[in-house]
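My notes follow in the order in which I looked things up.

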There are 2 protein chains.
Amino acid sequence: MTRANPQWRLAARPAGAVTAATWAWREEPVADPADGEFLVENEYLSLDPAMRGWLGEARSYIAPVAVGDVMRAVGAGRVIESRHAQFPVGAHVTGLFGVQRFAISNGRGVQAIDPKLAPLPVWLGALGMPGLTAWFGLTDVGKMKAGDTVVVSGAAGAVGSIAGQVAALSGCRAIGIAGGPAKCAWLRELGYAAAIDYKQPGLNLKHALRDAAPDGIDLYFDNVGGETLDAALAKLARGARVVLCGAISQYNATGAWRGPANYFSLLVNRASMTGFVVLDYAARYAEGVQALAAWYATGQLKTRETVIDGLAQFPRAFDALFAGENVGKLVLRIQ
Amino acid sequence: MTRANPQWRLAARPAGAVTAATWAWREEPVADPADGEFLVENEYLSLDPAMRGWLGEARSYIAPVAVGDVMRAVGAGRVIESRHAQFPVGAHVTGLFGVQRFAISNGRGVQAIDPKLAPLPVWLGALGMPGLTAWFGLTDVGKMKAGDTVVVSGAAGAVGSIAGQVAALSGCRAIGIAGGPAKCAWLRELGYAAAIDYKQPGLNLKHALRDAAPDGIDLYFDNVGGETLDAALAKLARGARVVLCGAISQYNATGAWRGPANYFSLLVNRASMTGFVVLDYAARYAEGVQALAAWYATGQLKTRETVIDGLAQFPRAFDALFAGENVGKLVLRIQ
């Protein structure tokens with residue numbers, strides 16, 4: 001059976017911000033799965049800041065999306081045809097299925113998910129890559145221990161909203177940085193001990209951090225880079241760990257990035273700054289999902305999703321991500 | 001007995017580069033040591049880039065030198081009067097004795113040294129703080145392992161010249177960055193596999209590092225910061241460790257420091273950047289001295305000292321340090 005497969009392809013690499021010219025809408029027929037493959041129908045797509053990095057020319061931790069290819073994205077959906085024993089028809093799965101309605105997969109990097117435990121968007125957020133990023137970033141890279149003062153930037157985002165809860169549920173004092181009073185109020189509901197609105201007029205972020213963390217920052221989980229990273233570096237405690245998860249403030253930079261002028265605070269405070277990529281933890285995902293799912297099942301781990309409807313809206317959804325419009329996890333519902 | 005004690009005091013905090021107005025020459029009488037104290041006659045003083053940091057107003061890893069106080073410096077000399085059982089008359093010692101001929105000490109932070117094993121200037125260099133800085137920075141902070149490609153900046157300096165040798169003697173490939181052909185030639189004599197002259201006209205440091213380390217940098221030992229740190233970050237191998245030892249290119253900055261624009265390479269390469277202060281390793285100094293002294297005794301660890309004569313020459317010696325005039329360890333001979 002030949003199906004029309006609506007999809008977004010990368011039309012041209014953006015210089016700076018993504019524009020309408022970046023994307024091209026196509027409808028193409030879907031092939032039948034070969035032996036060892038299956039066909040998935042995406043129901044939701046994940047929108048992640050990391051996608052901006054995949055549009056550049058340079059090889060980063062993952063190859064760039066080639067011009068002309070279907071845009072890379074994590075999807076969640078249902079297997080509708082299968083010649084793969086592990087993923088039978090009816091199974092729910094997540095994986096790098098791309099910005100399209102239908103995808104053929106050989107199962108590599110695909111996770112089976114249980115929609116009875118949590119709805120699909122949660123499997124793209126708290127129980128998916130963003131949740132696992134928060135979990136391994138804090139526990140493994142950041143060596144979080146009870147009693148730590150943990151500061152999270154981009155705290156109302158998909159990763160940050162989980163990171164603060166994981167920190168609080170682990171006996172730490174979590175301080176979130178986010179833009180606007182509504183996001184900050186939500187952070188306090190999530191268990192953040194303090195929330196700093198970086199958009200507040202006249203705010204001095206260094207002073208705000210000093211007030212919220214008078215004994216200094218033990219663990220800084222950075223999603224944004226730029227001035228926020230610099231302010232946090234200035235307020236590290238002795239032996240602090242800075243975990244580099246992202247730098248959304250810099251992804252659209254056309255020139256050189258803003259380097260952290262206060263990096264020498266790492267020496268003064270015998271501190272470290274470490275980068276990581278959650279894909280490296282693939283062999284340990286189950287461990288993270290188990291911990292997060294246990295908190296989710298008891299209602300201790302709260303999630304919020306911002307849903308944009310319609311595959312055609314992908315370009316607008318992408319822009320919304322960088323405009324900071326979403327609270328929690330931003331997903332696109334295909335239909 | 002009252003002795004005239006010539007000394008240099010901090011007259012005024014410098015804004016940017018140190019000038020003649022920074023220092024004040026004094027001759028003051030020396031008191032007699034009290035019970036539990038001894039009097040040391042300095043023979044050599046160590047000149048270290050870190051001294052620039054002690055002149056600032058801000059508390060760093062150690063309190064700043066107060067305006068009006070004798071300038072802080074590590075000295076090497078001989079005990080000439082003693083009411084301290086551990087440091088009898090005739091003992092040779094190093095410690096923070098200050099920029100002066102005579103000093104009273106209670107023994108805190110003082111190390112006994114053996115002038116038969118090595119001359120006093122070596123106890124201020126290869127077998128002193130600079131050598132220990134190289135040793136603990138590489139082995140403990142940098143987790144150096146045989147086969148690593150190790151890049152050292154400020155490679156012809158007191159710390160860098162030891163760091164490259166320690167790396168080479170430990171089975172690593174050492175690449176040094178230094179200014180000028182004479183320094184680079186010396187680096188090759190020391191066992192550096194390659195030496196990059198950053199002052200060479202038209203040099204692109206990133207390209208030079210790519211050529212010298214085609215598989216990337218496993219361990220970068222940074223003494224200089226600035227553009228050099230940025231170039232090294234751009235060429236890290238997967239899992240690299242960046243050890244922050246100093247930032248001599250930035251110490252005289254009057255405005256904000258130059259932050260490393262390429263810091264996100266730490267994420268792409270799952271790498272870390274860690275600062276340290278050798279003073280934290282005080283309890284383990286003997287371990288480092290033992291390793292370095294064994295290599296020194298067999299002639300495998302080579303040292304070079306640049307000696308400037310006369311306590312009166314301290315301001316000039318201080319300037320020479322930042323002008324990059326010295327090769328190896330810069331010391332001041334008191335008389």
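How many positive and negative side chains does chain A have, and how far apart do the centres of the two sets lie? I looked this up in the model, which is a predicted one. I found 31 positive and 28 negative side chains in chain A. The centres of the two sets are 5 Å apart.

Next, the fold of chain A. I noted 10 helices and 15 strands. I then checked the radius of gyration of chain A, which is 20 Å. The globule rule gives 20 Å for 335 residues, so chain A is as compact as a globular protein of that length. I also looked up the box that the C-alpha atoms of chain A fill. Along the principal axes, the box is roughly 65 × 45 × 35 Å.

Chain A exposes about 13,300 Å². Carbon and sulfur atoms supply 51% of that area. For contacts, I took pairs of residues at least 6 apart in the sequence of chain A. Of these contacts, 66% join residues at least 24 apart.

Last, the two copies. I laid chain B on chain A and got an RMSD of 0.0 Å. The move is a turn of 180 degrees with a shift of 0.0 Å along the axis. The two copies are therefore related as by a two-fold rotation axis. In chain B, the C-alpha of B:Gly259 is nearest the axis, at 2.1 Å.

Through which surface do the copies meet? I found that 100% of the interface residues of chain B are also interface residues in chain A, so the copies meet through the same surface.

How values were computed. Residues numbered from 1 in each chain as written. Chains lettered and ligands numbered in written order. Predicted model: local features only at pLDDT ≥ 70, side-chain atom pairs only at ≥ 80, totals over all residues. Heavy atoms only, no water. Helix = DSSP H or I, 4+ residues; strand = E, 2+ residues; numbered from the N terminus. Rg over C-alpha atoms; globule rule 2.2 N^0.38 Å. Contact = heavy atoms within 4.5 Å. Areas by Shrake-Rupley, 256 points an atom, 1.4 Å probe, with all protein chains shown as cover. Lys, Arg positive; Asp, Glu negative; His and termini not counted. Charge placed at Lys NZ, Arg CZ, Asp CG, Glu CD. Least-squares fit on C-alpha atoms with pLDDT ≥ 70 in both.
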